[in-house]
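Subject: Structure handover

Hello,

Here is the structure for you to look through. My notes follow below it.

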Amino acid sequence: MEISEIKQQLTMAAVLHYYGLKPDKHSRLCCPFHEDKSPSMQVYYKTQTAYCFSSNCKTHGKSMDVIDFVMHQENSSKSEAIAKAKEILGVQTEEQSRVLPSTNFLGGMYQYFKNAVHNSKSAKDYLQQRGLDYKKIEVGYNAGQFHHGTRRDEQLIAQCVERGLLLDKGQVSRTGEKAYGIFGKWCIVFALKNKENAIVSLYFRSSISDANNKHYYQSRNL
Ligand SMILES: [Zn+2]
């Protein structure tokens with residue numbers, strides 16, 4: 001990971017949070033790098049830098065970016081600070097994946113739906129009819145099989161039920177397992193992504209009865 005990449009991803013806010021430092025509403029805080037009774041340090045979120053205005057400070061006169069900040073905080077060399085910055089980024093990524101499990105869930109489901117296109121002749125035929133090349137565009141297909149057989153995964157099923165991808169109708173299948181209705185079965189699936197390229201919603205479009213548009217699913221916020 002390049003320094004520029006770290007700087008792009010690691011915000012000053014995340015670094016301050018990591019070290020338990022809280023700027024006031026004017027983005028000022030008591031400088032952690034010298035004895036500071038009134039907030040001498042100013043944080044600039046626009047440039048992701050901080051500056052200490054005290055002439056008693058070893059950092060005085062130098063604007064600090066996230067890596068400089070970590071370096072002073074750790075009292076380390078620059079290369080050690082870079083390693084530490086990566087570690088902080090890792091912690092942050094883990095925290096995010098805990099906060100946003102739905103993004104991971106949708107990503108996982110969409111990956112499954114994308115793979116399913118390759119295994120489904122009817123999906124491929126449908127896409128071809130519409131001049132869509134599944135090898136070139138990102139598209140998925142819900143064959144309604146993802147919760148069956150060896151793939152039967154109770155946690156996945158519970159998540160799907162919770163989000164309405166599987167509908168619990170209180171039925172039991174021939175094999176004695178619980179049977180589910182499937183939202184968007186035989187639908188072509190498109191992912192709606194946010195600007196961070198994370199999937200925020202899946203859009204299901206029926207691949208059957210298309211002529212009269214009877215089976216048409218709106219986008220679904222899961
Ligand atoms: Zn200072």
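A word on confidence before the rest: pLDDT is the predictor's confidence in each residue, on a scale from 0 to 100. The model is predicted, and the protein averages a pLDDT of 82, with 86% of the residues scoring at least 70. Strand S3 (residues 49-52) has the highest confidence, at a mean of 97, while strand S10 (residues 219-220) has the lowest, at 47. Two stretches have a pLDDT below 50. Residues 96-100 make 1 contact in the model beyond near neighbours in sequence. Residues 212-220 make 16 such contacts.

The largest nonpolar core has 18 residues, and the ones touching the most other members are Met 12, Val 15, Ala 50, Val 66, Phe 69, Val 70 and Ala 85. Helix H2 (12-18), strand S2 (41-44), S3, H3 and helix H4 (78-99) each give two or more residues to this core. Helix H3 gives the most, with 4 residues.

In general, nonpolar side chains in soluble globular proteins tend to be buried together.

Helix H3 spans residues 66-74, and its buried residues are Val 66, Phe 69, Val 70, Met 71 and His 72. Leaving aside residues up to four places away in sequence, Val 70 touches Val 15, Ala 81, Lys 84 and Ala 85. After H3 comes Asn 75, with a positive phi near 55°.

There is also a second, separate core of 16 residues, including Leu 106, Met 109, Val 117 and Phe 204.

Regards

Technical notes:
Residues numbered from 1 in each chain as written. Predicted model: local features only at pLDDT ≥ 70, side-chain atom pairs only at ≥ 80, totals over all residues. Contact = placed C-beta atoms within 7 Å. Buried ≥ 20, exposed ≤ 12 C-beta atoms within 10 Å, placed from the backbone. Core = buried A, V, L, I, M, F, W, Y, C linked by C-beta atoms within 7 Å.
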